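Grab a pencil and work through these exercises one at a time. Try each task yourself before you read its solution.

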Amino acid sequence: MLSIRTRIVAASSIVFALVLAALAVGILRSFENASIAALDAQMQGCATALESELEEQKAEGGFPRLNELRHQIPAELSHAQFRLVDTAGTTLLADSLIALLPIEAWQSVQRNRHSVQFTTLVDRPFRSVWWYVDVEDGEHYALQIIAPLTQVASAVNRLRTLFIFALPMALLLLGVATSLIIKRSFRPISNIIDTANRINARDLTGRIPPGRSNDEIGALTRTLNAMIERLQSAFAAQKQFIADLSHEYGTPLTILRSELEFASARVKDAEAQESIRLGFSEIDRLKRMTDDLLLLTRLDSSEQLIARKPVRLDELLAESCRRMASLAAERSIALNLHIEEVCEINGDEDRLQRAVSNLIDNAIKYSPAGSTVGIQLGSDDTKVSITITDPGKGIPAEELPFIFDRFRRGALTRTAEPGSGLGLAIVQRIAELHGGRVRVESVAGKGSTFRIEFPNLKASG
Ligand code: ADP
């Protein structure tokens, strides 16, 4: 698909080319006609001069004298030829070439008086004038003058050649000028596209540069900026609400838990104990969810990391494994840590710990008892990668593109395991805050591989 710019340049160039071509043909035609009219005028002037000379010669006797007639021919008509014919059609005098042309019938000369026409002589185009000469009463002659059209033709050819070179140049200039003007006019649209690409729910601070235009693009820019402004306020209010809510929930949940603990210590009834146990797990789930929400809101509003210190990832992974060991053991799952090399990145150790724990926690949660979860650290020239592999339930292909969305829980796991659907969103945000990203490969029923990649410090020096 051609860009709008290319299409406008192509369309305007085609229209301009057609207009220029029509104009050039028109100019060439009028120039040719004007040149022929000028030649006609010269020939007619020459005929008048010859007629006067003939009258003089007649009056003086010794008529007609060719040499004296020749003096009447102006320099511009130096290639012209002429002849004098009497009413009977007898040639009285004639230049060499003109004698080859047929003689016009006397009646026609007499009727037309002064006629101009095209003629061809030895394959060359000529302009011919037949002139009715009235020397004395009763004595008439026909005078013919011919002049070659070669000068007119070569002048027209020169003009045509000029057009052939000038028109493509004009087209090229027009194309370049149109392209530059459109590029300039479309710059605000490129700004709009760039800004729209940069803007997302987490970062609505971007604005489209207003530019100077007061036209439709200026109006569009102002409208979009006002819309982003409204979105930013709405998102800020929503974030604040979530943060407040998560915070407000914390204290009542803690109180509820201690009340349940108090009750649990006193109640002996098995059924009541079971209810209390259920209560504990729901409170814990709610607490985890509110904590996750609060963390995510904080991570969203921090464009930069809270801490940025060198972090040894090999040590961090060993610590994560130690922390997750009891949960893994509970589920009879082995954790297999493989450090290919010692790697260090700049970042926030607590957040990184959280991201890795979330992935290991999922791997344990969604894998069958007796299986092994692999945790691996490695690097190449450009990146450092932490890879967590499990042989668990896997994720169906259609869910994969959305798996990092907030509150998204997989169909295969939703009912099997408790969760909030916020764990992976937290991992993704933490990876982003470290200049990295998280990727997943998974096959339903076979297992999953999550990989967090960070820029390699060693490579960037
Ligand atoms: P939660 O685990 O609380 O549901 P997450 O954001 O951590 O939320 O994960 C979102 C969804 O991604 C999960 O509900 C699950 O369907 C899927 N998922 C995540 N990790 C794995 C995994 N290792 N194996 C299979 N499915 C996974």
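**Exercise 1.** Work out where charged side chains sit over aromatic rings in this predicted model.

*Solution.* Start with Arg-113: its charged end is over the ring of Tyr-132, 4.0 Å from the ring's centre. Next, go to Arg-266, which lies over the face of Phe-262, with 3.8 Å to the ring centre.

**Exercise 2.** Classify the pair made by Phe-404 and Phe-450, and say which parts it ties together.

*Solution.* Step one: searching the whole structure turns up 2 aromatic pairs. Step two: in the pair of Phe-404 and Phe-450, the ring centres are 6.4 Å apart and the planes meet at 80°, so we call it edge-to-face; the cut-off for that is over 60 degrees. Step three: Phe-404 is in the loop between strand E10 (383-390) and H9, while Phe-450 is in strand E12, so the pair links parts 46 residues apart in sequence.

**Exercise 3.** Decide whether Phe-404 and Phe-450 are buried or exposed.

*Solution.* Buried means under 20% relative accessible area. Phe-404 has 12%, so it's buried. Phe-450 has 7%, so it counts as buried too.

**Exercise 4.** Describe the largest pocket and its lining.

*Solution.* First, the space: about 890 Å³. Then the lining: 42 residues, with Asp-361, Asn-362, Lys-365, Tyr-366 and Pro-418 closest to the centre. Among the elements giving two or more residues are helix H6 (270-301) and strand E12 (447-455), but H8 gives the most, with 7 residues. Now sort the lining by type: 14 nonpolar, 13 polar and 15 charged. Finally, check the domains: domain 2 (216-301) and domain 3 (307-460) each supply at least three lining residues.

Conventions:
Residues are numbered from 1 along each chain as its sequence is written. This is a predicted model: local features need pLDDT of at least 70, side-chain atom pairs count only at pLDDT 80 or more; totals for chains, interfaces and linings use all residues. Side-chain values use heavy atoms; hydrogens and water are left out. On a 1 Å grid over the protein atoms alone, a cavity is a set of points where a 1.4 Å probe fits but cannot get out, and a pocket is an open set with protein on both sides within 12 Å along at least five of seven lines; lining residues have an atom within 4 Å of a point. Grid points are joined across faces, edges and corners, and a volume is the space filled by probe spheres set on the points. Helices (H or I, at least four residues) and strands (E, at least two) are DSSP runs, numbered from the N terminus. Ala, Val, Leu, Ile, Met, Phe, Trp, Tyr, Cys and Pro count as nonpolar, Asp, Glu, Lys and Arg as charged, and the others, Gly among them, as polar. Domain bounds come from an automatic or database domain assignment. Rings of Phe, Tyr and Trp (its six-membered ring) pair if their centres lie within 6.5 Å; planes under 30 degrees apart count as stacked, over 60 as edge-to-face and the rest as tilted. Buried means under 20% relative accessible area, exposed over 50%, partly exposed in between (1.4 Å probe, protein chains only). A charge sits over a ring if NZ of Lys or CZ of Arg is within 6 Å of the ring centre and within 35 degrees of the ring normal.
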